[in-house]
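Here are some notes for a colleague who is opening this structure for the first time. They are set out as numbered points, to be read with the structure in view.

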Amino acid sequence: MDFNHYGNNNTNNYPNQPYGNPYPPAAGLRGRNLATASMVLGISALVTSVFLPIYLPCIFGSLAIVFALLSKGSAPRMQGAAKTGISCGASAFAITAALTAFSVYMVLTDPQFTDLMMDTAKTYDEIIEQMYGVPAEEILGESVEDRMREIMDSIQP
């Protein structure tokens, strides 16, 4: 039998160590992977906020923020990739909100949209009167057309 100088028959030169990887992997590996995933998702959210607004930026941005917070763990500081993920995810939310608000404003202030809504309200009044045999004012308290006119007047600049 061949014994090494430690007095045991292990051939890996590390006494009392298991075969294979003698040391556990680095503890920060999980945090680095989550920080990298956060950065990739944050950048994806930022890119999709311009081209595909609302759904994908919200999903990617929220996942980027969650992964960045999870990557910190018990460390005193957040890694740079995680900070990038949070900032890109939050920026994607801001851009998406701004584009959505701008789109809604443009649609509501368009004169053609106002005319379309007034025609639709007038049609609803006619349908209610045909179905129930009484005007919409008696059922609802006021006609749909009058209510729509109040709403459109309140949002017009």
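1. A residue is called buried when its relative accessible area is under 20%, exposed when that area is over 50%, and partly exposed in between. Because Ser 87 has a relative accessibility of 38%, this residue counts as partly exposed. Please keep in mind throughout that the model is a predicted one.

2. Ser 87 is part of helix α3, and a polar atom of its side chain lies 3.0 Å from the backbone oxygen of Thr 84. Ile 65 is 22 residues away from Ser 87 along the chain, yet the C-alpha atoms of the two are separated by 8.4 Å.

3. Helix α4 comprises the 22 residues 111-132, and from its first C-alpha to its last it reaches 32 Å, close to the 32 Å expected at 1.5 Å a residue. Its buried residues are Phe 113, Thr 114, Met 118, Ala 121, Asp 125 and Ile 128. These lie on the same side of α4, because they cover an arc of only 140 degrees around the axis.

4. Which residues does α4 carry on the face turned away from its buried side? The exposed residues there are Gln 112, Asp 119, Gln 130 and Met 131. The buried residues of α4, by contrast, are covered by elements that include α3 (80-108), α5 (136-140) and α6 (144-155). After α4 comes Gly 133, which has a positive phi, near 80 degrees.

5. As to the cysteines, Cys 58 is partly exposed, with a relative accessible area of 29%, whereas Cys 88 counts as buried at 12% relative accessibility. A search of the whole structure finds 0 disulfides.

Conventions: Residues are numbered from 1 along each chain as its sequence is written. This is a predicted model: local features need pLDDT of at least 70, side-chain atom pairs count only at pLDDT 80 or more; totals for chains, interfaces and linings use all residues. Side-chain values use heavy atoms; hydrogens and water are left out. Helices (H or I, at least four residues) and strands (E, at least two) are DSSP runs, numbered from the N terminus. The expected span of a helix is 1.5 Å times one less than its number of residues. Buried means under 20% relative accessible area, exposed over 50%, partly exposed in between (1.4 Å probe, protein chains only). The arc is that of the directions from the helix axis to the C-beta atoms. Contact means heavy atoms within 4.5 Å. A disulfide is a pair of cysteine sulfur atoms within 2.5 Å. A polar contact is a pair of N or O atoms within 3.5 Å; within protein, one must be able to donate a hydrogen and the other to accept it, and residues adjacent in sequence count only if both atoms are side-chain atoms.
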